[in-house]
Amino acid sequence: MFVSNRFPLGIGYIASYLERELDMEIGLFDCVAEQPNGILIDGMIRWGCDDQAIKRKIEEFAPDFVGVSQMFSYLDKPVRNIFSIAKETNPNIINIWGGTHPTIAPNECLEFDDVDYLILGEGEAPIKSLIKTLNEDGDISTLKSLGYKDENGEIFVNNQREWIQNLDEHVLPARDKVNFASYLGANKEANIVTSRGCPFSCTFCTAPAFYQKRYNGRSPELVVDEIEHLHKDHGVQKFIIQDENISFQMDRIEGIADEIIRRKLDIKWYAEAGTLIARLNPKLIEKMAKSGIMAINLPVESGDQSVLKKMAKPLKLSKVMPIVEACREHHVRVRSFLLLGMPGETGEQREMTKDFAHSVGFDWNYLSLLQPLPGTEVFEELKAAGTEFKIDEVERFIVPPKHGMGYTGEELLQTRHNFNIFLNFENNFNLLKGNLSVALTDFEDIANRYPNVAHIHHYLGLARYKNMDLTGALTSFLKAVETAKAYPTSEGPTLNASDWIDALKYSLSVSENMSSYLERHVETSLDYKYGHIDANSVFSASTVEMGYKVASLEEMHGASLV
């Protein structure tokens, strides 16, 4: 598992806002940034600071309020632990719980004794109102976006929301409260948001409940002001845009691209979440490419139109291929998000998803399993049908949903594994007929991240062979065999790395030319299907610099890679 060290934008915005509005002293403590390496505690790896470090920080700062933002439901247990540490350190501390999870599961969160208040939805305005009211000994019962227990332990939740109306008049996040340079890494990358919310109602997504289908965007000029500041003052070269739906307003994203081009900013960027396919067109993609976009992620989700309808996904599959072709024309990588396991989805419909992705030929496919997260329509549907859920069993992207839908979790995991091998390795678009440098870069990146997965080394060997690097191919195939023996998996016996080793060893022993292909009949016996390249086109993936190669897989969630 790889934990990305990114500046916590939500807490950063709240810190700046409270300082400006209430003249408060704010401290920001990012546990993962302070302790980015895993710690083995009670037989489990914990990312971030241990309890003692958290307690010391609270003691040093001596806060009146402790706020924690929880975006994902599966983090319920560590968040509760932080609140308990705060109360143990000083029982008078007021604990405030914000983020997606308390917004969509407020009653369950308020049953926890060590939390005092919940902030629902967007946090800045309601937390300001709460603190101001508490300081003035006012009546909190009228406050919007608030959950709490009264003196009798009765739970009150006001789901009416208080929002920042004009983001152009809003603050920038408090990056000055941390060692911001430590977040940039070797690639000098930083995360920003240009808008908030999404107006759509996808049944598997928590955004409709969190944002109540609201969308609010910043002006292109101010977005690029922030980009330019981070680029020139902090040396940021790559920007990770974390909007829920960056392309909802086409004129706004086009304006951002135009402004980057006008200012001649030499940067790279990509939108981490999927980009709304219906809003993309060749002209916009061309401008995005000129402004430095490295890759576009398309939330295709399913290759079956009826499943997309059940998802309430505003997508016509016929729109996908023209967008992919436009991306390729402008040397922009294009990748898919695919989601398996919707209620009622059949095995045939999952095969249609695989076949559709294969027919399009994405540079990479991110395969996820449906997780019925609290606050989603899917969750409510399954709950109404009698399914019981435990929050600590919801492991996003990793553990399949445990509910009866005609297949077991193990079967769904195996399906994802098989689809991943088929789409991203065996029929990898760039290995078959695209840009071989991309395939080499991707496979090398993944092999470094997941050295104990045999098939990754096997397909890296095939890519190196296609690049006429016989010595490198031999090294990879040897690693594949070694790894399959040390970490046996279901796909291990199906790989013919041992046969490749014999053929390459023989070829290297009888030939002084280490950059040529095996004889065709030998390739046929090895079931080689990836073709040849001109000798003048051979390259090293570690030294190639080209726009189409950038944005390797480092920025994406790792569970779907292998």
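Author: Gladly, starting with disulfides: the structure holds zero of them. This is a predicted model, where local features need pLDDT of at least 70, side-chain atom pairs count only at pLDDT 80 or more, and totals for chains, interfaces and linings use all residues. Residues are numbered from 1 along each chain as its sequence is written, and side-chain values use heavy atoms, with hydrogens and water left out.

Reader: Why is Cys31 too far from Cys49 for a bond?

Author: A disulfide is a pair of cysteine sulfur atoms within 2.5 Å. The sulfur of Cys31 has its closest cysteine sulfur, in Cys49, at 4.6 Å, so the two are too far apart for a bond. Cys198 is in no disulfide either, with the nearest cysteine sulfur, that of Cys202, 6.5 Å away.

Reader: What makes Cys198 count as buried?

Author: Buried means under 20% relative accessible area, exposed over 50%, and partly exposed in between (1.4 Å probe, protein chains only). Cys198 has 13% relative accessibility, so it counts as buried; Cys31, at 19%, counts as buried too.

Reader: Why are β8 and β15 said to stand at the edges of the sheet?

Author: Strands here are DSSP runs (E, at least two residues), as are helices (H or I, at least four), numbered from the N terminus. Two strands pair if DSSP finds at least two bridges between them. Six strands form an open sheet with parallel pairing, in the order β8-β11-β12-β13-β14-β15. Both β8 (189-192) and β15 (364-369) have a single partner strand, so one side of each lacks a neighbour in the sheet.

Reader: How do you know that β14 and β15 pair?

Author: Strand β14 (residues 333-340) and β15 share six bridges in the parallel sense, against the required at least two. Within this pairing, Ser336 stands opposite Asn365 in β15.
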